[in-house]
Amino acid sequence: MRLAPPARRHTVSVLAFDGMAPFELGSVVEVFGLHRPELDVPWYDLRVCALERGPMRAVGGFTMTTEHDLDVFAAADTVMVVAVPDVRGDVAPEVVAALRAAHERGARIVSICSGAFALAAAGLLDGREATTHWQYAALLQRRHPMIHVNPDVLYVDGDDILTSAGSAAGLDLCLHLIRKDHGARIANAVARRLVVPPHRDGGQAQFVEAAVAGPATDDAVARAMSWALDHLAEPITIAALARQAHLAPRTFIRHFNRQTGTSPLRWVITQRVMASLPLLEGGAMAIEEIGTAVGFESPATFRHHFTRAMKTSPSAYRRTFRPTAS
């Protein structure tokens with residue numbers, strides 16, 4: 001009996017440089033570099049690359065070396081830039097050429113935080129919506145006026161090119177990539193390993209010079225959110241959420257918006273859409289039944305909100321993970 005060849009692993013490359021802060025790079029290594037045999041899917045093959053081989057200093061007083069150069073960087077299936085050395089300086093022409101070559105070859109291009117400046121220097125973001133850390137958004141727009149810079153979101157999915165805001169938003173985007181590649185169940189499992197939410201709502205606006213809510217209101221909003229997650233299939237109103245938080249409705253809305261960057265009902269809709277993903281991927285339930293199971297009042301409402309959030313229909317999403325599904 002002839003055994004089938006093992007499934008090809010999706011290659012991911014990420015660019016390191018001298019003097020970089022390690023958080024974003026470490027996040028990519030944590031998500032894509034660790035072997036995860038318990039998930040029973042072909043995991044990623046990560047290559048950390050650099051412009052030149054040799055020791056590189058990192059913020060914090062340590063050095064690192066890489067085995068791979070820009071040729072390996074440009075040849076990966078997913079090519080990631082997590083930062084640039086100087087947002088006001090020029091990007092190395094070798095890096096620009098590598099990004100252009102990767103894009104022309106059909107690679108998926110991803111930036112985290114100031115890495116968007118490298119993609120912009122390569123001309124890959126012209127005419128597109130993109131994001132970066134809120135501190136750099138105005139500068140990116142001034143330097144590259146052909147980009148539609150959105151400073152309010154955690155990430156932008158342009159299909160072949162994806163950009164995210166700074167630091168922790170890179171984790172949001174990494175989990176989004178896993179969700180696109182392997183589905184919600186696998187993305188949720190990785191999120192649990194990382195002890196982070198599989199999907200965050202709102203955008204960067206919630207983090208820009210926002211007043212820090214007191215512990216009492218933090219707990220109140222968290223209590224209402226936890227209750228909502230346990231009752232998604234039921235009607236959920238502002239009044240019901242406010243009761244769980246022991247706050248007046250207007251006060252609850254104000255605190256909720258400040259902490260999450262979105263409204264309570266929009267957050268509930270997003271949670272219902274997220275809850276529908278594993279049901280669409282793995283079960284035999286009809287799409288109408290799934291919408292009801294996660295709390296949408298009608299199939300039309302489910303399709304509307306799902307398509308708005310996921311940029312595809314429930315049936316098309318199901319076909320992505322179950323090709324024989326009707």
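Apart from neighbours within four places in sequence, Phe32 is in contact with Val12, Trp43, Tyr44, Leu46, Met80, Cys174, Leu177 and Ile178, contact being defined as heavy atoms within 4.5 Å. Phe32 also belongs to the largest nonpolar core, which has 35 residues, and is listed with Val28, Met80, Val82 and Ile178 as having the most contacts inside it. A nonpolar core is here a set of buried Ala, Val, Leu, Ile, Met, Phe, Trp, Tyr and Cys residues joined through side-chain atoms within 4.5 Å. Buried denotes under 20% relative accessible area, exposed over 50%, and partly exposed the range in between, with a 1.4 Å probe and protein chains only. Two or more residues are given to this core by each of β1 (11-16), α1 (22-33), β2 (45-50), β6, α6 (168-182) and α7 (184-194). A second, separate core comprises 32 residues, including Ala74, Val79, Ala98 and Leu99. In soluble globular proteins, nonpolar side chains tend to be buried together.

The model is predicted; local features need pLDDT of at least 70, side-chain atom pairs count only at pLDDT 80 or more, and totals for chains, interfaces and linings use all residues. Residues are numbered from 1 along each chain as its sequence is written, and side-chain values use heavy atoms, with hydrogens and water left out.

The chain contains 14 helices and 10 strands, taken as DSSP runs numbered from the N terminus (helices H or I, at least four residues; strands E, at least two). Of its 326 residues, 45% count as buried. Among contacts with a separation of 6 or more, 63% are between residues 24 or more positions apart.

Strand β6 (residues 108-112) is largely enclosed by the rest of the structure, because five of its five residues are buried. Both of its faces are covered, with Arg108, Val110 and Ile112 buried on one side and Ile109 and Ser111 on the other. In a regular strand the side chains alternate between the two faces of the sheet. Strand β5 (residues 78-81) pairs with β6 in the parallel sense over four bridges, where pairing requires at least two DSSP bridges between two strands. Within this pair, Met80 stands opposite Val110. From β5 the chain passes through helix α3 (residues 93-105) to β6 in a right-handed β-α-β crossover, that is, with the strands pointing away from the viewer, the path from the first strand over the helix to the second runs clockwise. Strand β10 (residues 161-164) is likewise parallel to β6 and joined to it by four bridges, and Ser164 is the bridge partner of Ile112.

Beyond its neighbours within four places in sequence, Val96 is in contact with Val91, Ala121 and Ala122. The C-alpha atoms of Val96 and Ala122 are separated by 4.9 Å, although these residues lie 26 residues apart along the chain.

In helix α13 (residues 299-310), Thr301, Phe302, His305 and Phe306 are buried. Seen down the helix axis, the buried residues of α13 fall within an arc of 120° and therefore line one face, the arc being that of the directions from the axis to the C-beta atoms. These buried residues pack against α11 (264-282), α12 (287-293) and α14 (314-321), whereas Ala300 and Arg308 are exposed on the other side of α13. Just after the helix, Lys311 adopts a positive phi of about 60°.
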